[in-house]
Amino acid sequence: RLARLGIECRAYDPWLEGHGALTDLDTVLSCPVLCLHAALTPDIPWPSAHMLEAGQLAQLPEGAVLINAGRGELIATAELLALAEQRPDISLVLDVWEGEPFVNPMLLSKCRFGSAHIAGYSGDGKLRATAMLARALQTALAVATEISDARLPPVPVTVPADLTGRPLLAWLLTQVYDLREDDALLRAAMPDGFDRLRREYRLRRELGALSVTNLDQLDEEARALCQALLDYEALGY
C-alpha cells in the first residue's frame, strides 16, 4: 500500500524472509518516520522486550517521528523519557504504554500525540475479529454452520475537485479519524482513566470503509491515490 502511495519504506523483521522491503535495523532507524508494530515476545533468538535501546534511538535523524503501535514494552519508558529530554526535535506518538493500564504522566507530557491503545478498536476491526473467533470456535466444535463476512455499511464521501496529492490523503484520513480527539481524551482522563476510555470507546470506522462517490470525476493522480489508500481487498478485509 505504501508503495502504491509513492511512499518509500523499509522494514525490519528478523522473523520474516523474502519481502523486498526488508532490510537491517540500522537502515530502518535512519528513516524520518519509524513505526513499531512488533508483538511482545520472549522467544529466542529475537525477544522483543526493550528491543530498542538508547544507542539505537540516538540514530534517529533530525526531526524524526517515532510511533509505537505495537506494545509499550518494546521501548523502556526510561529510554523514551531520556530521548525526549535529549532530543526535543523527535516527535513521540504513542498508542501503547509500558505497564498499561498505568500511563506514565511525564512520558505522556513529552508526546506529540498519545492514545489509549485503541489501534484495534475500530468498528470494522471488531466485526472482523468477532468473525475470526466464531470460525475458530466452529472449527474446534466441528460445527458446519456458515459464518458470513458481515461488514458495516460504507461511509460515502465526495472528494473536493481541487484536492490531490498529500492534501487529498490528509483529507481522506480526517473523514474517518482525527488523532487529536483521542489525544485530548487521554490527557483529560489521567491519571486513572485508561481502562474507562477503552471500555467506552466510540464507534470509529477505518479507511477501507470510505466510498468515494465521485471517483470517476477525479483526475488520474487523485483517482490512483484514492484507490491505493482505500483498496478494501488490498487491506486484507
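## Helix H5 and the residue after it

H5 is followed by Ala142, a residue whose phi is positive, near 55°; helices here (H or I, at least four residues) and strands (E, at least two) are DSSP runs, numbered from the N terminus. The model is a predicted one, in which local features need pLDDT of at least 70, side-chain atom pairs count only at pLDDT 80 or more, and totals for chains, interfaces and linings use all residues. Residues are numbered from 1 along each chain as its sequence is written, and side-chain values use heavy atoms, with hydrogens and water left out.

At 71% relative accessibility Ala142 counts as exposed, where exposed means over 50% relative accessible area, buried under 20%, and partly exposed in between (1.4 Å probe, protein chains only). In H5 itself, the buried residues are Gly123, Asp124, Gly125 and Ala131. The 19 residues of H5 should span 27 Å at 1.5 Å a residue, and this agrees with its end C-alpha atoms, which are 27 Å apart; the expected span of a helix is 1.5 Å times one less than its number of residues.

## Other backbone features

His117 also shows a positive phi of about 55° without being a glycine. The loop between E4 and H5 holds His117, which is buried, with a relative accessible area of 15%.

Glu100 and Pro101 are joined by a cis peptide bond with omega of about 15°, and Pro101 is placed in the loop between E3 and H4. The peptide bond from Met190 to Pro191 is likewise cis, with omega near 10°, and Pro191 belongs to the loop between H7 and H8.

## Aromatic pairs and a charge over a ring

Two aromatic pairs are present in the structure; rings of Phe, Tyr and Trp (its six-membered ring) pair if their centres lie within 6.5 Å, with planes under 30 degrees apart counted as stacked, over 60 as edge-to-face and the rest as tilted. Trp15 and Trp46 form an edge-to-face pair, 5.1 Å centre to centre and with 80° between the planes. Since Trp15 lies in the segment before helix H1 (25–29) and Trp46 in the loop between strand E1 (33–36) and helix H2 (54–57), the pair ties together parts that are 31 residues apart in sequence. Trp15, at 44% relative accessibility, is partly exposed, and Trp46 is also partly exposed, at 38%.

Tyr121 and Tyr201 form an edge-to-face pair as well, at 5.8 Å centre to centre and 80° between the planes. This pair links distant parts of the chain, 80 residues apart, with Tyr121 in the loop between strand E4 (113–114) and helix H5 (123–141) and Tyr201 in the loop between helix H8 (194–199) and strand E6 (210–212). Tyr201 counts as buried, at 11% relative accessibility. In a further arrangement involving a ring, the charged end of Arg204 sits over the ring of Tyr177, 5.0 Å from its centre; the criterion is that NZ of Lys or CZ of Arg is within 6 Å of the ring centre and within 35 degrees of the ring normal.

## Nonpolar cores

A nonpolar core is a set of buried Ala, Val, Leu, Ile, Met, Phe, Trp, Tyr and Cys residues joined through side-chain atoms within 4.5 Å. The largest such core has 32 residues, of which Leu34, Leu52, Leu60, Leu66, Ile75, Leu92 and Trp97 touch the most other members. Two or more residues come from each of H1, E1, helix H3 (77–86), strand E3 (91–94), helix H4 (105–110), helix H7 (179–189) and H8, and H3 gives the most, with four residues. Apart from this core lies another, of 18 residues, among them Val159, Leu207, Leu225 and Leu230.

Leu60, in the loop between H2 and E2, is buried at 4% relative accessibility. Leaving aside neighbours within four places in sequence, Leu60 is in contact (heavy atoms within 4.5 Å) with Leu29, Leu34, Leu66, Leu83, Arg87 and Ile90.

## Asn68 in strand E2

Asn68 is part of strand E2 (residues 65–68) and counts as buried, at 1% relative accessibility. A polar atom of the Asn68 side chain lies 3.1 Å from the backbone oxygen of Arg71. Not counting residues up to four places away in sequence, Asn68 touches Leu36, Leu74, Val93, Leu94, Asp95 and Val96.

Notes
Polar contact = N/O pair within 3.5 Å; in protein donor to acceptor, adjacent residues only side chain to side chain.
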